Amino acid sequence: MLRSTSPIPNPRKARGRWDAAETANYYNLAALDAGVDLALRIGAETVAAHNHKLIDLLFSRLPQDRFVVASPSTTNSAARMAASKRAARKRPKSFTDKLRKENVITSLREGKIRVSPYMYNNERDIDRLISVVTV
């Protein structure tokens with residue numbers, strides 16, 4: 001994680017703190033509208049069940065000799081994400097670099113690999129992630 005040497009910003013307390021420093025880009029609103037419409041048509045419960053299923057699949061297939069799940073493993077936990085603690089033989093950064101090269105998008109947060117599948121992911125995506133980290 002990169003650390004900035006600049007001071008921490010002090011946001012204004014007024015509503016203007018949410019204003020962007022550049023000209024508004026209304027083209028992105030069309031994509032946002034379509035994404036929200038899709039999620040509403042699918043339904044929040046269906047989206048949540050799909051996401052939980054993918055995380056459960058990931059937890060069950062993750063090589064336990066190299067990764068330790070660092071997030072709650074219960075389905076009823078509010079935030080479901082798979083985060084692996086430092087691997088025994090490799091640093092997490094090497095795994096995220098390897099995943100990025102294979103176009104598997106994850107993030108590295110506080111020394112943990114964050115995986116957060118969503119409604120546009122499927123079981124093949126989890127299989128692909130597992131195949132990349134097990135090679």
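**Exercise 1. The overall layout**

Which pattern does the protein chain follow, read along the sequence? Find also how many helices and strands there are.

*Solution.* Keep in mind that this is a predicted model.
- Step 1: Start with the count. The secondary structure of the protein chain comes to four helices and three strands.
- Step 2: Now put these elements in order. Read along the sequence, the pattern is α-α-β-α-β-β-α.
- Step 3: The protein chain has 135 residues, and 27% of them count as buried. Among contacts with a separation of 6 or more, 59% are between residues 24 or more positions apart.
- Step 4: Finish with the surface. Its accessible area comes to about 10500 Å², and carbon and sulfur atoms hold 54% of that.

**Exercise 2. A closer look at T106**

Decide whether T106 is buried or exposed, and list what T106 touches.

*Solution.* 
- Step 1: Locate the residue. T106 sits in the loop between helix 3 (92-101) and strand 2 (107-109).
- Step 2: Apply the cut-off. Buried means under 20% relative accessible area. T106 counts as buried because its relative accessibility is 12%.
- Step 3: List its neighbours. Leaving aside residues up to four places away in sequence, T106 touches T96, L99, R100, I113, R114, V115 and L129.
- Step 4: Link back to the core. L99 and L129, both touched by T106, are among the residues with the most contacts inside the largest nonpolar core.

**Exercise 3. The largest pocket**

Describe the lining of the largest pocket.

*Solution.* 
- Step 1: Take the volume, which is about 300 Å³.
- Step 2: Find the lining. There are 15 lining residues, and V104, I105, S116, P117 and N121 lie nearest the centre of the pocket.
- Step 3: Assign elements. Strand 3 (112-115) and helix 4 (123-134) are the elements that give two or more residues to this lining. Helix 4 supplies the largest share, four residues.
- Step 4: Sort by type. The lining divides into seven nonpolar, five polar and three charged residues.

Note on methods: Residues numbered from 1 in each chain as written. Predicted model: local features only at pLDDT ≥ 70, side-chain atom pairs only at ≥ 80, totals over all residues. Heavy atoms only, no water. Buried < 20%, exposed > 50% of the residue type's maximum accessible area, 1.4 Å probe, protein only. Contact = heavy atoms within 4.5 Å. 1 Å grid on protein atoms, 1.4 Å probe; cavity = no way out; pocket = protein on both sides within 12 Å on 5 of 7 lines; lining within 4 Å. Points joined across faces, edges and corners; volume = space filled by probe spheres on them. Nonpolar A, V, L, I, M, F, W, Y, C, P; charged D, E, K, R; others polar. Core = buried A, V, L, I, M, F, W, Y, C linked by side-chain atoms within 4.5 Å. Areas by Shrake-Rupley, 256 points an atom, 1.4 Å probe, with all protein chains shown as cover.
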